[in-house]
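Notebook open, new model on screen.

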2 protein chains.
Amino acid sequence: MSSASDRAYAAIRAMILSGELASGSQLREEHLADRCGVSRTPVREALHRLEADLLVRRNQTQRSFVAEWSPDDIEQAFELRGMLESHAAKRAAERMTPHLLDRLRGYNAALRAAITGPYPDVPAFLTQNARFHRGIIEAAESARLTTILARIVEQPIVWRTAQNFDHDDLARSYREHEDLLAACASHDGVWAASVMATHIRRAFHTYSGADRAAGSVDPATADAIQRLNLYPNMANFDDVS
Amino acid sequence: MSSASDRAYAAIRAMILSGELASGSQLREEHLADRCGVSRTPVREALHRLEADLLVRRNQTQRSFVAEWSPDDIEQAFELRGMLESHAAKRAAERMTPHLLDRLRGYNAALRAAITGPYPDVPAFLTQNARFHRGIIEAAESARLTTILARIVEQPIVWRTAQNFDHDDLARSYREHEDLLAACASHDGVWAASVMATHIRRAFHTYSGADRAAGSVDPATADAIQRLNLYPNMANFDDVS
DNA sequence: CTCCGCCAAGCTGTATACATACTATTCCAA
DNA sequence: TTGGAATAGTATGTATACAGCTTGGCGGAG
């Protein structure tokens with residue numbers, strides 16, 4: 001399942017994420033091909049996917065550059081994510097099954113374990129958080145919604161948010177997930193949508209309020225992010241492991 | 001600007017739209033390459049774009065098929081379009097400039113002309129309708145929103161809707177656009193969002209209520225649709241002509 | 001000194017050949 | 001007759017060569 005094209009996609013994405021490829025810098029197909037150990041063909045495919053993700057931009061003459069993110073872009077990403085994931089939460093609550101509810105509770109229990117104690121395990125938090133949110137999106141049973149959220153809204157900028165979370169923020173995320181589970185258990189779509197909107201909006205303000213270093217990402221976190229983004233469209237995330 | 005890859009995209013898209021390629025049928029790269037008069041490379045790129053548009057699906061073994069649309073898929077498409085275009089309308093109203101307002105009024109005047117008289121000119125209606133909606137989306141000034149709406153929500157199923165419109169439906173569309181212009185002129189985002197939500201929801205019910213022939217599309221309409229979809233991400237639609 | 005145009009180097013677009021993986025059919029054996 | 005395995009045919013994945021266009025620098029003319 002790990003074709004050259006997938007590897008190129010993951011590698012280039014990781015290079016952008018980690019700051020190895022600076023924002024705004026040009027991406028040359030042949031150069032990337034050498035670095036990824038594949039030919040230009042899979043690199044071209046990867047660049048097109050990354051362009052659809054809005055991680056890469058092309059100028060008039062088809063040359064590729066690492067996309068630059070303005071504060072306004074970031075706010076828009078959070079706004080759309082809030083809108084779409086609220087909708088997903090509503091649908092998920094209305095369709096929730098006992099089996100899926102158990103799975104989601106498991107993820108959130110693991111998330112709690114990751115942040116319990118003096119030193120929170122941020123990569124583990126990210127992993128469980130991603131599983132939880134993807135579980136909700138899956139439960140919404142809408143292919144379009146899944147595609148949009150996976151490809152366009154699940155951005156590095158979103159993943160990086162957790163880097164700026166302190167212990168209280170992490171704990172609050174856990175409690176908001178618990179609220180969401182309660183809403184799902186009672187099949188209350190309006191409640192679920194409302195909790196999700198709050199959850200994501202709070203994350204946005206935590207992100208913008210934080211005094212973040214614009215540079216690179218902690219290696220362990222970068223690694224977790226890369227693993228999480230390898231197969232964003234995978235139907236059942238559990239089967240990968 | 002018309003590269004082989006663009007031509008392949010437009011041609012395959014048109015073949016799917018017109019029903020020439022039946023829903024669910026397999027798409028072979030080499031076969032399509034012959035029909036489009038290009039090699040496999042641009043066809044591959046086109047198929048990937050169409051896959052991102054959800055017009056093409058791939059099975060486990062990477063073989064491509066024309067996507068099949070269930071009634072539920074269609075409702076979801078309308079639901080998402082309603083949500084996202086309402087949001088766009090809100091932002092557009094808040095940011096509206098006199099110049100753009102004039103342009104939009106021009107489109108809607110042309111739309112009125114197209115439906116005045118005993119025999120409405122459906123292709124002209126579609127063209128002006130598309131310009132109007134794209135103008136709104138442009139005015140929202142959100143790259144993410146534009147990308148999502150252009151690539152995922154602007155579906156053939158949406159375009160075909162107008163085929164089921166009778167004269168009253170067409171006239172109602174015109175009047176709803178006028179309401180939207182009034183909302184934009186007064187910079188009332190809430191009003192604009194509300195009008196847009198109504199507009200799209202009504203279109204959905206007209207579509208589902210209609211006793212439509214599942215088959216092919218009137219040639220002139222198919223032609224208009226194809227032209228409209230050639231460069232869905234073009235920044236300024238007017239420059240194309 | 002500046003500006004325009006030309007030329008060279010480099011990058012992307014396309015075609016094509018080859019490698020790999022799936023499918024379906026056929027044939028043999030139980 | 002049915003089930004399974006082998007094989008031929010067909011599809012997609014990747015590498016690579018070449019063509020066309022863009023860019024940037026250099027040189028000559030004003």
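Started with the interface between the copies. This is a predicted model, so I keep that in mind throughout. I looked up which interface residues of chain A are also interface residues in chain B, and got 100%, so the copies meet through the same surface.

Next I superposed the chains. Chain A goes onto chain B with an RMSD of 0.1 Å, using a turn of 180° and a shift of 0.0 Å along the axis. The two copies are thus related as by a two-fold rotation axis.

Then helix packing in chain A. I checked α1(A), residues 4–17, against α3(A), residues 40–52: their axes come within 8 Å and cross at roughly 55°. That makes α1(A) oblique to α3(A). I noted the hand of this crossing as right-handed.

Which residues make the contact? From α1(A) I listed A:Ala4, A:Ser5, A:Ala8, A:Tyr9, A:Ile12 and A:Arg13. From α3(A) I have A:Pro42, A:Val43, A:Glu45, A:Ala46, A:Arg49 and A:Leu50. Sorted by type, the contact residues come out as 8 nonpolar, 1 polar and 3 charged.

Last, DNA strand D. I find 16 residues around DNA strand D, and the closest are A:Ser3, A:Ala4, A:Ser39, B:Glu29 and B:Gln62. At least two residues of the surface near DNA strand D come from each of α1(A), α3(A) and, in chain B, α2 (29–36). The largest share, 3 residues, is from α3(A). By type, I wrote down 4 nonpolar, 7 polar and 5 charged for the surface near DNA strand D.

Definitions and conventions
Residues are numbered from 1 along each chain as its sequence is written. Chains are lettered from A and ligands numbered from 1 in the order in which they are written. This is a predicted model: local features need pLDDT of at least 70, side-chain atom pairs count only at pLDDT 80 or more; totals for chains, interfaces and linings use all residues. Axes are lines fitted to C-alpha atoms, for helices over the stretch in contact, and angles run from 0 to 180 degrees between N-to-C directions. Helices (H or I, at least four residues) and strands (E, at least two) are DSSP runs, numbered from the N terminus. Angles under 35 degrees count as roughly parallel, over 145 as roughly antiparallel, 65 to 115 as roughly perpendicular and the rest as oblique. A crossing is left-handed if the near helix is turned anticlockwise from the far one by less than a right angle, and right-handed if clockwise. Two residues are in contact if their C-beta atoms, placed from the backbone, lie within 7 Å. Ala, Val, Leu, Ile, Met, Phe, Trp, Tyr, Cys and Pro count as nonpolar, Asp, Glu, Lys and Arg as charged, and the others, Gly among them, as polar. A residue is near a molecule or strand if its C-beta atom, placed from the backbone, lies within 6 Å of it. Copies are superposed by least squares on the C-alpha atoms of residues with pLDDT of at least 70 in both.
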